[in-house]
Structures are given as structure tokens and as C-alpha cells.
Amino acid sequence: MKPSFRFFYDSPLTSVNGIGKVKAEHYLKLGVTNVSELLFLFPRSYRINRIINLAEAPEGKTCVFCLTVASRPSLFKMKSGLKAVRFSVFDDSSRAVITYFNNPYIKNSFSVGDKRYFTGAIKKLNGVRYLSSPLSEKEFNPSLPYRPVYPCVEGISSRETEKFIGLVLGETDSVISETLSAEQLSRLGFMGRADAVRAVHRPQSETELKSALNRLAFDEFYDFALKMQKSGTERTAATAIPMNPVSLDGFFSALGFALTSAQNRVISEIRSDICRNPSSDKHIKPMNRLLQGDVGSGKTAVAFCAAFTVLKNGYNVMLMAPTEILASQHYEKASALFSKMSEPGFECILITGSTPASARKRFLSQAASGQRFFVFGTHALISDWVNISDVGLVITDEQHRFGVRQRDMLAEKSGGGHILLMSATPIPRTLAMFLYADRDISVIDELPPGRRRVRTFLCGDDMRKRIDALIIKEATSGHRTYIVCPAIEPDDEDTGAELCDAVSRRDQAANALPGLRIGLMHGKMKPSEKDGIMREFTCGELDVLVSTTVIEVGVDVPEATVMIVENAERFGLAQLHQLRGRVGRGSAESFMIMFSSHSSGQSESERLNKLCEEYDGFKLAEFDLASRGPGDFFGTRQSGQPVFALAGLADAGVMAMAKAEAERMVNIPENEEIH
């Protein structure tokens, strides 16, 4: 008799006991709509499920403690403006102080004499043990050696997800299908997919957990690598528009400064792609190139040179940027550059969502009559109405800010045209070769001479008043300051940490910096609102901009001289380096100040100090890869990057295995039997 299963891969969440309509709506925020997706909602961490005495606990390692509340919880305000609740606890071996941040109501959850099970990491300061925002439970279940910690949103706790997944795990075989053949499993040495899912949620040992993570991470990498292999094959089969080399003398003369050797090398690589000789190469493959370069390395000048070559061949060029203000800056720079030429033969034009209908009609009419354009714009460029012929090159700036489909829609407008993607995010070579296996890569690994370094410091709360004085001093000199926070509002994320949010920080800055004009910007605002705030900052109508990382995109504000990052331990070095690149773009001395939570630990301090010493983005990226794994890059939730849920937890070799296996499968002859 066949077993009767209650759950299948597409079973609705409401079929799980305890998940009703309201709870299912909460799970939508985590991207979970059915039972299969619930099983692939993996833990973000684990904790050893064994009670340990305070005196025996290693510093910085998450442990479970059975503690008694010794003092009445008190509410106080920190120098940063955050509210905190503090009380003391003890066990038979020692005492400790517990602090909860940004959660004032938890004060009423504890009374003197209460015995609770607290899960957290001990930190010692001046001989006193501290626990920062530990998980608190009234009961302890010792049946599992490891307890999973799941992502949380409002209305769903980690413990609830643990319970619901437990109800489904017994029927994993009916929900999870195997994706590798028996031969592949044997040759690659992997456990089955369903077994791996069970082991990730309920690991019985560290070895089993590692094996399960490697198997599931391989699946993510393998699926992506197969798509890249097939995509590369399809693009290689396309035929490009033949173009001829053109003299760059007029371009370089208008540019007015000498390019670096790295820029000249990359220009040669791009021109060799664009200007292939049809007589010697009957099949001309379109350029499909990623241009990587550190902040300030001169990618824009290289892109404009590529555009000039295509425009002088009689074809149109389109450049898409993620924000209206960045598209406008590119348009203004190009207009100023090409206006220095006596007869460029083309016109620069800006197209955004706010472009009037009359301007749209005039542009389309001119394009239809043969006028050549260098078109700059935002997502508006992929609109149906932007329909012009003879597009020889499409350029996507800050390409990681766009989804794959958005980039492809722009590329489709070019027919057999060339494609150039630009990114200021340094990615280690091994990762770049995996992520962009379907395209060529050019790297500008040299900064223009004379560019001043941004002085970078890691500070504690005791430096707040001195930094406030620096902000005021810079403002009186006509300079501006960014303050970047990891969250938007209080309780915007799981508040198991001293998390600084942009809304509270803006209010705190208004009190600490009287007389200065302070703005607020974050990802929940409409694009038009963000553009408006950024324009105010760019034009000098604001002295200080408090923001989340939405200011990472390469807007050029030469007057910005101070970058302050709150909870710097929450960011990867590559991301921090990007933020640092928002200042130091003018001639004035510039500063980056990183504030880090006092509970972040010594290893985090060492990592952040690396940024104070190193200014090469690619070296920082390699350091992050070695110290934190690929998750720091794959974990970036940007629409243009693939989402690898387990990439940062897998062995580095798994990615290479997946790439090799994908190449093997794509190259297997059609008549060869696959086991």
C-alpha cells in the first residue's frame, strides 16, 4: 500500500495546523506561499542547545543560560538616542547584566525572582559579563543538539516557524523532489535533496549540517550556472552589427585630461569587440562585457568613449541608470563633453518618467528621420514607447540595481547591438567568473593620479560629541554629511541587537546639530520622493542626509565630505567601501566615521579596521571572501544579483563544483545517454 501524504509541494500554508489566513499573509513578507517554500525557509543561524554556566561561557559564542532575575528592569536612554532596558541576573556560578535595545516594552516581561532560559553571547567589559538582547524562553527542550533561528517578520517569531516546519518535516519526501541523478549523487558525493532539507532544519551533528548545506548550496549554484551556460551559448550565436574603427582624437581633446593606463587598456578591449573586421570574421559576436572599476576609477569616461565609437558609426546609443538624478548627471556630463566638438553628428537627450509627451513625440520624430542620439534615462527607457531603430550599443550603469529581465528588455531594443554593463562593486575574480560566466569582464584597477584618500576611522559612542563638532564645522564650510543606518524605523528588523534606525537617528541629529538642515531618505519612499531629497542634498538645500544604503548608487556630490555609518558591523566591507566612495569626490579633505555596536566583538573590530587601512576595493573584496565566505556578496539583496540563500554557509569549493558540472552537462552530446 502506498503511503498517504497530507502535504505536497504546492499545498497551501493554511493546510499546516496553526497557520490561518492572517499568519499566511505574514509569511508572504518572507516570500513563502506554500509548504514547499516553507521548507526552503532556512535558518539564518543555529544555537547549541545545551545549558552552560555563566562562568564557563566562552566570550562571543552563543550559549543557553538558566538565569534568575536579580534586579527590577529599568528603562534608560543612550547617548545615541536609543532606548534600552537593563537588569541583572545570576546563576550558581556568576552574575551578568542583560540589556535590551529599542524595545522599551520588554521591561514589563521580567520580575525579580523569575527564572528564564536566555540564549545569547557573553561579552566582558571591565570584569562584568553582559548579554545583549538575548532570546528569552520560559521552557527548555534538550531533545535537539542544535536549535534553528529563523528569519522573523511582524506577526511571526522564529519559534513559530520552527514549530510549523516540524509539522511538515515528516512528509518531506512528498514535497521535495530529487534534482540530481543517482550517478551524479554518487560521483559528487552528495546526500539526497530531501535528506538535506531535513538535516538543515534539524541537524544532529555539525558534520551532518555541513554536508546538508553543501548539497543545497550546490543546487543553487548549479541551477544558476546552467542558466549562465545556456545564456552564453545563445548570445554567442547572435550576430552583431559590423562597425569600423574611428579616430578618437576629437574625443580625447574634448575630454581635456589624460586617461590612466588601465582606462586605455579597457578602451582597447571594448573597441576590439565593437570594431571587428567582417572580412576576417564572418560571424561577428556582439560585445557582452561587464566593466568593473573601483569608485572614482573613471568608468564613465570609458563608457562615453565606447558610445562615441558607435555614434560615429551612425548608430544610436542608450544608457540606463537606476535613478533620475544619476541619469541626469550622466546626461549633463555627456552634453558638456560632446558640445566641445565642432560637429559631433549626434545629440544627447534625457528620457525619464517625467519627460513631457511633447518632448517624447519630438524625439521619436527626429529619430525616425535619421537623427542620431545618445539617449540617457531611467527604467523609462524600457517602456514600449521608446521604440527607435539602429541602436548599436546599450549601457547599463550600476547594473546590479536592475533585475535581469530589465537589463534584457533594454538589450532587446538593440537587436544585434553591443552590451556594456558597469559596476562599481568590486567582486573577487573567482566570484565574477561564476556570476558573469556568460560575458567578458574588463577591470579598471587603477585610480587617476592625485585623488585624495578618504580618512577612515572606527569609533565608539564616546566620540559622538567630537563627530558632531566635525559635522558642524564642515557645514559652516559649505560641505555636507551623510549618516547611514541599517534600518528604517524602530523594530524595522529583528531587534536582537543595538540597531540604529534612520528615523530615530534623524531626530537625534536634529537635537545634536541645531541650525543644520537635516533630511531623511530610505527605501520605503517613492522613487520621486527619493530623487527630490537627493536633489535637495546635491543642490546644498540640506546640510545632513540621514539615510539607509539607498545612497550607495553613484551620485556625484563633490561637496559631501563626511560619511557616518551606524552599526557598521552590519555591513560587508565591499558595501562599506561603496559608501566611502560617496565622499571625497571634490578637492576638500574627507572623512568616513564608522560606529560599531559595543557587543559586535573583537573579530568584527578587526574586520572593520581593515577598511581603515586598505583603500583598494578589490583587495577588500578578496579579504571579505576569505574571512566571511561568498555570502557577503551573494547575500546582497539587490534586484540584479541572484539570490543564493545558502551561499555564505557552503564550502568555497562547492561553487567551483557546480560550475564544472554545469559545463559538463551543457557539453554532453545530444545522443549520449545521461544517467
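**Exercise 1. Salt bridges**

Solution. Side chains of opposite charge can pair when their charged atoms come close.

Before going on, note the ground rules. The model is predicted, so local features need pLDDT of at least 70, side-chain atom pairs count only at pLDDT 80 or more, and totals for chains, interfaces and linings use all residues. Residues are numbered from 1 along each chain as its sequence is written, and side-chain values use heavy atoms, with hydrogens and water left out.

Step 1. Take aspartate 114 and arginine 116. Their side chains form a salt bridge, 3.7 Å from N to O. Aspartate 114 has 23%, so it is partly exposed. Arginine 116 has 11%, so it is buried.

Step 2. Take glutamate 324 and arginine 535. Their salt bridge is 3.8 Å from N to O. The pair links distant parts of the chain: glutamate 324 sits in helix α11 (residues 324-338) and arginine 535 in helix α17 (residues 527-538), 211 residues apart. Helices (H or I, at least four residues) and strands (E, at least two) are DSSP runs, numbered from the N terminus. Glutamate 324 is partly exposed at 22%. Arginine 535 is partly exposed at 33%.

Step 3. Take aspartate 507 and arginine 506. They meet in a salt bridge at 3.0 Å, N to O. Aspartate 507 has a relative accessible area of 39%, so it is partly exposed. Arginine 506, at 27%, is partly exposed too.

Step 4. Look for a network. Salt bridges link Arg265, Glu269, Asp273, Arg289, Asp440 and Asp445.

**Exercise 2. Helix α17**

Task: Check the length of α17, then find which of its residues are buried and what covers them.

Solution. Step 1. The expected span of a helix is 1.5 Å times one less than its number of residues. For the 12 residues of α17 this gives 16 Å, and the end C-alpha atoms are 16 Å apart, which agrees.

Step 1. List the buried residues of α17: Asp531, Ile533, Met534 and Phe537. Seen down the axis, they fall within an arc of 165°, so they line one face of the helix. The arc is that of the directions from the helix axis to the C-beta atoms. An α-helix has 3.6 residues a turn, so residues three or four places apart point the same way.

Step 2. Find the cover. It includes α11, β18 (480-484), β19 (518-521), β20 (544-547) and β21 (560-565).

Step 3. Look past the end. Glycine 540 follows α17, and its phi is positive, near 90°.

**Exercise 3. Aromatic rings**

Task: Count the aromatic pairs and classify two of them.

Solution. Step 1. The count is 22 aromatic pairs. Rings of Phe, Tyr and Trp (its six-membered ring) pair if their centres lie within 6.5 Å; planes under 30 degrees apart count as stacked, over 60 as edge-to-face and the rest as tilted.

Step 1. Tyrosine 27 and phenylalanine 164 lie 6.4 Å centre to centre, with 65° between the planes, an edge-to-face pair. Tyrosine 27 is in helix α1 (residues 21-28) and phenylalanine 164 in helix α3 (residues 158-168), so the pair ties together parts 137 residues apart in sequence. Both residues are buried.

Step 2. Phenylalanine 87 and phenylalanine 110 have ring centres 4.9 Å apart and planes at 35°, so this pair is tilted. Phenylalanine 87 is buried at 2%. Phenylalanine 110 is buried at 5%.

Step 3. Find a cluster. Ring pairs link Phe251, Phe252, Phe304, Phe308, Tyr331, Phe338, Phe346, Phe374 and Phe376.

**Exercise 4. Positive phi**

Step 1. At 36%, aspartate 390 is partly exposed.

Conventions: A salt bridge is a side-chain nitrogen of Lys or Arg within 4 Å of a carboxyl oxygen of Asp or Glu. Buried means under 20% relative accessible area, exposed over 50%, partly exposed in between (1.4 Å probe, protein chains only). Contact means heavy atoms within 4.5 Å.
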